[in-house]
Amino acid sequence: LDPVNMPVIKNALANGGKDWIGGNCTVSCMLMGVGALYKAGLVEWMSTQTYQAASGGGAQHMRELLTQYGTLNAEVRSLLDDPKSAILETDRKVIAKQRALTGAET
C-alpha cells in the first residue's frame with residue numbers, strides 16, 4: 001500500500017529483509033492518493049497528523065492532546081489572524097514547536 005517507498009521495499013525483499021514497519025492506514029491511503037504526484041515532483045510540501053494514539057488511549061490522552069493544541073495555537077496565533085499569511089510557514093512553526101515541546105509539555 002505504499003507506492004512512494006516501493007523501490008525501498010523491493011530492494012529490502014531482494015536483500016532478505018524481514019522487518020516490515022509501515023505507516024498507519026491513514027498514511028498508507030494518503031500515499032496511494034499522492035504517490036504519483038510525489039514521484040512527478042508536483043508535491044512541494046505535505047503534512048499530516050492523526051490522533052489515533054490519543055483517542056485510543058482514553059480521556060487523559062485526549063486532555064493532553066487538547067492542551068498541546070492550545071500551546072500550538074499560541075505559537076502561530078498571529079499567523080492565523082492574518083489571512084494573507086503563508087500556510088506553509090504556519091505548518092513549519094507548528095512542527096518546530098511540536099519538536100521543541102519538553103517532556104512536561106507532552
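Modeller: pLDDT is the predictor's confidence in each residue, on a scale from 0 to 100. The model before us is predicted, and the mean pLDDT of the protein is 82, with 93% of its residues at 70 or more.

Colleague: Which helix has the lowest mean pLDDT among the elements, and which the highest?

Modeller: Helix α3, residues 52-56, has the lowest mean, 74. The highest, 90, belongs to helix α5, residues 87-100.

Colleague: How many helices and how many strands does the secondary structure comprise?

Modeller: There are five helices and zero strands. Read from the N terminus, the order of elements is α-α-α-α-α.

Colleague: What sets the radius of gyration of the protein against that of a compact globule?

Modeller: For 106 residues, a compact globule would have a radius of gyration near 13 Å, whereas the protein has 18 Å. The globule value rests on a rule of 2.2 Å times the number of residues to the power 0.38. The C-alpha trace spans about 50 × 35 × 20 Å along its principal axes.

Colleague: What share of the residues counts as buried?

Modeller: Of the 106 residues, 16% count as buried. The accessible surface of the protein comes to about 7900 Å², and carbon and sulfur atoms hold 57% of it.

Colleague: Why is helix α1 said to lie largely in the open?

Modeller: A residue is buried when its relative accessible area is under 20%. Helix α1 covers residues 6-14, and the number buried among its nine residues is zero, so the helix lies largely in the open. After α1 comes G16, whose phi is positive, near 80 degrees.

Colleague: Why is L80 called partly exposed?

Modeller: The class lies between the buried limit of 20% and the exposed limit of 50%. The relative accessible area of L80 is 46%, and L80 is therefore partly exposed. This residue lies in helix α4, residues 59-81. Leaving aside residues up to four places away in sequence, L80 touches N73 and T90.

Colleague: What makes G57 partly exposed?

Modeller: Its relative accessible area is 36%, so G57 is partly exposed. G57 is found in the loop between α3 and α4. From G57 to L88, 31 residues apart along the chain, the C-alpha separation is 30 Å.

Colleague: Where does S85 lie, and which residues does S85 touch beyond four places in sequence?

Modeller: S85 is in the loop between α4 and α5. Its contacts at that range are L79 and T90. S85 and G56 are 29 residues apart in sequence, and their C-alpha atoms are 34 Å apart in space.

Colleague: What share of the contacts between residues at least 6 apart joins residues at least 24 apart?

Modeller: That share is 53%, where a contact means heavy atoms within 4.5 Å.

Colleague: How many positive and negative side chains are there, and how far apart are the centres of the two sets?

Modeller: The protein has 10 positive and 10 negative side chains, and the two centres lie 4 Å apart.

How values were computed. Residues are numbered from 1 along each chain as its sequence is written. Side-chain values use heavy atoms; hydrogens and water are left out. Buried means under 20% relative accessible area, exposed over 50%, partly exposed in between (1.4 Å probe, protein chains only). Helices (H or I, at least four residues) and strands (E, at least two) are DSSP runs, numbered from the N terminus. Accessible areas come from the Shrake-Rupley method with a 1.4 Å probe; for residues, only the protein chains shown count as cover. Lys and Arg count as positive and Asp and Glu as negative; His and the chain ends are not counted. The place of a charge is taken as NZ of Lys, CZ of Arg, CG of Asp or CD of Glu.
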